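Trainee: I am new to this structure. Could you take me closely through one part of it, and then show me what lies around it?

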Amino acid sequence: MTIFEDRFHLGPVDFVAVLKTALSRGGDFAELFFEYRLHSSIMMEEDIIKETAESVGLGLGVRVWAGEQTGYGYTNDLSPERMKKAARSAAAIALSASAPGPVADLVPRPPLSGLYPVLEPAESADLNRKIGLVKDAYASCLRVSPSIKKVKAGWGDLVQHVTIVNSEGLLVSDVRPMVKLTCVAIAEKGPVREYGFSGGGGRVGLEAFAAGRTPAVIGREAAEEALLLLEAADAPAGEMPVVLAAGDAGVLIHEAVGHLLEADFHRKKTSIFWNKMGARVGSELVTIYDDPTIPASRGSYAVDDEGTEPRRTLLIENGVVSGLLTDKLSAKILGRPLTGHGRRQDYSEIPIPRMANTYIAAGPHDPEEIVKSVNRGFYARRLTGGQVEDSGKFTFSVSLGYLIENGRLTRPVKQATLIGTNIDILNQICMAGTDLEFGQQTGTCGKEGQHVPVNDGCPTLKIASMTVGGRG
Amino acid sequence: MTGSHPAGDLKSLAEKFVRFGLACGADEVEIGIGDDIEFGVDVRVGEIENLVEAGTRSMGVRIIKDQKTAFAGSSDLSPETIERLIRNAVRRAELANRDACAGLPETFSSAVDPAELDLYDSEIAVLDPQTKIALATETERIALSDPRIINSHGASCDTHVGHAVLANSKGFLGEYRKTYAGLNVSLQAGETDDLVEDFWFSSKTHLAELAPPEEIARTAVARTVRQLKPRKVETQRVPVIFEPMMTGSLLGFLFGCLTGTAVYQKSTFLAERLGERIGREKITVIDDGLLPRRLGSSPFDSEGVPSRRTPVVENGVLKTFLCNTYAARKIGLATTGNADGAGVGPSNFYLQPGKSTPGEIIRSTRKGLYLIRTLGHGLNPVTGDISQGAFGLWIENGEFVYPVSEITISGNLGDLLMNIEMIGDDLTFDGSVCGPTIKVAEMQIAGRS
């Protein structure tokens, strides 16, 4: 039984009634997105548990299509009158002259299984257990060095219940767990102060912190990054060979390729890739997938926010554009297959094509050989985010890098933004490592004001030349 | 549980939950309620793409017990849910640690009259959807009539009508209404593989002050086409002129470095600089929550502290940090009325305009970059370091000679404040953080080798 049936006594009869109101003025399609989310957080700084928080997000989003136009209404009051009012707001897009749109009989469908391997759900865990994890990360960070002057450790867990119903007869529900443990360290040496960050989590339970990325590892990594930056020089400025570390640097693929293969930008013909299906846009070494079905990963989901079953989608194969990330609207307009990438921040937002877990496939090169092949260049170790525009110009920010001199990593360097144009950079990827890794499970992607959890992955990569924006 | 919202006025509802919190054993209780009506239309290439209309409510709760804090929030305002969250919060507070700085603000004898701030425009509240659709459609139509514009990301018209209520167990009870109207268009120009894009907008509390479609469209077109056929300049150090929107984003970064929270967390490079010179004499930065009709104004902050005008940097000297009650107690200052949720946020935070016209600033530059857009997030408040992708116009002998793209600018906010040579007279308020054109003596540009 879903939470909407159990707590709010809403069932198929109510769903059909709201769908009929949504299509009362005509319209081709109507959809209901019910959401109930429970979020809990803990924050520790200055050696104390400073605050805890709990929040409930409840609401219904109603969408109606009339041709390619979308009407949308939402409410966080699930009384019959308010749900119908939201449905009438969405219905305003359609012409009242036409006959009511059809509503098919609802046929319940299960979501994919096995994506959320949770043994100890955060939702029902004792708060003291979670406080223990936060304290472990905090203590581990602080004890690395007396130069660590401030530590902030935080916990967040979320469970998102969704039920999606549409006029084509779809009825599917999903309960999506998420946890995140993060640690920030501030290190000081004389007048110099630096910042380090680390984190972990995903669609898992508390058991995930018992091995691998434990609180102790997360705390230590944050401290070590801050300490290393104290010794770091300014990054170089200008064009040079760039080697991207495995894992973190997946953000480059997210920005340079992923966004521009989201199908709404193709429907609108604003993406530089819109007319390049089947065309070569990068070197043979570039094969890119987006896969929402990786168990435990932060970007995964058992059903997308339009009720479509998600599937691993090939975006670029050996340098050639091979696929798009679609939502229902763009798939319909473009005549492309549904890939299950229609996502929304919450019930108040219209779903749009989004990435889930995006990665570049492993290549043939030994990671050590990649570094050895560079005489003088830049090694990007820790990346903190990026941005792209439809023209293909993109940036990503490196918080910690190294100079490469005569095939070896030498001095650590700090804070640099790297900029390029996607097709240019994809063509310049000249080596790809065998060592595919994914990021820390803390990433969030923003598009049109909507934020959704994502993850990225990549092997060690070499870009023949790219502009590095350090202070010189 | 029905999930339906209770009837009745929001002030009594807030007071009722304050009493409930005290009855559950809390020492102090704060309840905030927001009631918002949203309308939005997106038009693209002449057709409505999205039409959104909704009314929503949300509630925020702060509980203090034995100097221990717990927060809660909900968009489900049914009494069952709120009462459960309050009971949980009182219980959870026990698990936090005692913190002498925790707690509600002191009570204030004076209050700001919401009517004097004039933040509510009844015209926005009753504006019919057809008029809003027409505003967006007309803005995009004018922009697309320019043959150099090849595509549109769309035009949008959005309105908000908000009602905020706050009550606490020290007897504070306040409310105000605020409206918002925004109109924007986003465009593309150029050849298929050599696209440039930009946008323009207007956003105000009053419809009468919103820029007309013609002005927004023409500005968006001019901003887009001026970037056509860009070059990549060589790596070098040059003066950089920030146009007002770029000064605004630099001030957003500065704001983050000037909060009391960042000071006690040591996450700002300005933490130890109170009372010292941090910028040139001509730099005065003000946070003012009392400007009538401005988007950043309000009679009180999210803790019920009356809004005020706070000179933060005066003639180059750092006068105070911006605080909520907690951060103020941590660093031994007074709250500046900048509480925003559990954190600290700007009111109207702006750089006082100077005397030079933007034209004079451009003409004063022999060689330099006129910065019009940045890409990326390379701003580090702990060090003040800046490194971002940049788009702009190249200046030689006081004139624009060609657009530049695919370069980066880098520097340090601390150095930059000491190197602001000229400040423009062109301050306008289309957001809560804004500034005029400024000229910085020198920054590092990375481009061609």
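Trainee: In β2(B), which residue is the bridge partner of A:T70?

Mentor: The partner is B:N50. Some ground rules before we go on. This is a predicted model: local features need pLDDT of at least 70, side-chain atom pairs count only at pLDDT 80 or more, and totals for chains, interfaces and linings use all residues. Residues are numbered from 1 along each chain as its sequence is written, while chains are lettered from A and ligands numbered from 1 in the order in which they are written. Helices (H or I, at least four residues) and strands (E, at least two) are DSSP runs, numbered from the N terminus.

Back to your pair. Two strands count as paired if DSSP finds at least two bridges between them.

Now widen the view to the whole interface. On one side are 69 residues of chain B, in contact with 74 residues of chain A. Contact means that the C-beta atoms, placed from the backbone, lie within 7 Å. β2(B) gives 11 residues, the largest share of the chain B side. Other elements giving two or more residues include β3 (68-74), α2 (79-93) and β4 (149-168) of chain B. By type, the chain B side divides into 19 nonpolar, 36 polar and 14 charged residues. Here Ala, Val, Leu, Ile, Met, Phe, Trp, Tyr, Cys and Pro are nonpolar, Asp, Glu, Lys and Arg are charged, and the others, Gly among them, are polar.

Next, chain A itself. Its secondary structure comes to 10 helices and 24 strands. Along its principal axes the C-alpha trace spans about 75 × 55 × 35 Å. Of the 472 residues, 61% are buried. Buried means 20 or more other C-beta atoms within 10 Å of the residue's own; exposed means 12 or fewer, and partly exposed is in between, with C-beta atoms placed from the backbone.

Take helix α2(A), residues 12-22. Its buried residues are A:F15, A:V18, A:L19, A:T21 and A:A22. They cover an arc of only 160° around the axis, so they sit on the same side of α2(A). That arc is taken from the directions from the helix axis to the C-beta atoms. The cover over these residues includes β1 (29-45) and β2 (48-66) of chain A.

Strand β9(A), residues 237-244, is mostly covered too: seven of its eight residues are buried. With β24(A), residues 461-469, β9(A) pairs antiparallel over seven bridges. There A:V243 has A:K462 as its bridge partner. With β16(A), residues 376-388, β9(A) runs parallel, joined by three bridges. A:L244 stands opposite A:A380 there.

Strand β15(A), residues 357-360, is also buried. A:N357 and A:Y359 point one way, A:T358 and A:I360 the other, and all are buried. Three bridges join β15(A) to β10(A), residues 288-290, in an antiparallel run. Three bridges also join β15(A) to β23(A), residues 455-458, in a parallel run.

Finally, chain B has an open, mixed sheet of five strands, ordered β10-β9-β8-β13-β19. β10 (317-318) and β19 (433-434) of chain B stand at the edges with a single partner strand each, so one side of each lacks a neighbour in the sheet.

Conventions: Contact = placed C-beta atoms within 7 Å.
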